[in-house]
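This report covers salt bridges in a predicted model.

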Amino acid sequence: MTVASQVKQCVASLKNVEATLNSLAIRSENEQAEEAFRDACQTTRRVLADIEKRVGELEFEEPQYKGF
Amino acid sequence: MPGWFEVVIRSAVALVILLLLSKGIIRKPLAQMTYFEFVSAIVLAAILAIGSINLQVPIAYPIMGIIIWGAVPYLMEWLSMKSLRFRNFLHGRGIPVIKDGKILEDNLKKQRLSSDELLKSLRSKNVFQVADVEFAVLETSGDISVLPKKDYQPLTPKDLNLKVAPIKEPETVIMDGKVLDEPLSTIGYNRQWLEVELEKIGVAIENVYLGQVDSYGQLTVDLFDDKLKVPSPQEKPLLLSTIKKCQADLEAFALATDNQEAKQMYAKNAKEMDRVLKKISPYLQ
């Protein structure tokens, strides 16, 4: 497995985490829990943006692995 | 009027009075009644019994008796609610029998409580060694309430400085295979949501004996068919492990790359994910 595909897999997992956290934040009745989930969701989104940028750089360096 | 008919009428009236009296009694377990209340209840019962079958007693006598024996204890209860002094007189107060780990022999003697009985009561509270007790009170009901020393008390999350997720009471949404709409809407869900959740775990609603939703929107069910296995909720453990995996991946990337800029970016984000993990793991247990 190339580095690019490993990083892409990580991006997919992060997206999953972000979506699950978001859904938990919406479903939580407790304010404290909702706050924690929402905060975690935002942090994950920031991390995700960073990693996606890196995926772009990798694709630029190794264009033969572009796409999925 | 034949005698048997009078017995029927008297008994019926006595039953009605008994029903009214028991309605008036406040919810209190029998074991917590004071001696005074207990005896007045017995006397009332005796008056009702004699009044309903002893035809030689004129009907006015038992009725007078019931009024006095019913009203006076009621009045005394009411007075004891109003006045602390009267309450102490009527119900008495708890008497300390162990203080700072030492048995107070004088108080034991006053209450005619032998050391054997004290040990027996302590054992029933799961205390087998007197030295483990910080404080114990002999309650008016004859029970002993025990405060163990701090290091013999059960461990709580607070002792461990552990953060735990707050919980609220779960709501029962399915009973005997039928959806209860009111509790479902109280927690902000509807039938469609419930159908989707049931579909997820792959059971038909007719097969569900009891279904409950916790405060995080997680549905747990008990089925009529006990041979069927219900998958335990997977969402939270799965999320936790995915976050852990992402965090480990990012650390691995940081180690693997030669690009300094990328290295720093990966390391920073690995730290961020670690923070996320620490923050939400109490809510995912």
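## Salt bridges

Asp39(A) and Lys279(B) form a salt bridge, with their closest N and O atoms 3.1 Å apart; the term stands for a side-chain nitrogen of Lys or Arg within 4 Å of a carboxyl oxygen of Asp or Glu. This pair crosses between chains, running from helix α2 (residues 31-61) of chain A, which holds Asp39(A), to helix α10 (residues 260-280) of chain B, which holds Lys279(B). Helices are DSSP runs (H or I, at least four residues), numbered from the N terminus. Asp39(A) is partly exposed at 22% relative accessible area, and Lys279(B) is partly exposed at 33%. Buried means under 20% relative accessible area, exposed over 50%, and partly exposed in between (1.4 Å probe, protein chains only).

Over all chains, the structure holds 14 salt bridges. The table lists three of them.

| Asp39(A) | Lys279(B) | 3.1 Å |

Helix α2 of chain A contains both Glu57(A) and Arg54(A), 3 residues apart, or about one turn of the helix. Glu57(A) is partly exposed, at 33%, whereas Arg54(A) is buried, at 6%.

Asp181(B) is partly exposed at 42%, as is Arg191(B) at 39%.

Residues are numbered from 1 along each chain as its sequence is written, and chains are lettered from A and ligands numbered from 1 in the order in which they are written. In this predicted model local features need pLDDT of at least 70, side-chain atom pairs count only at pLDDT 80 or more, and totals for chains, interfaces and linings use all residues, while side-chain values use heavy atoms, leaving out hydrogens and water.

Notes
Helix = DSSP H or I, 4+ residues; strand = E, 2+ residues; numbered from the N terminus.
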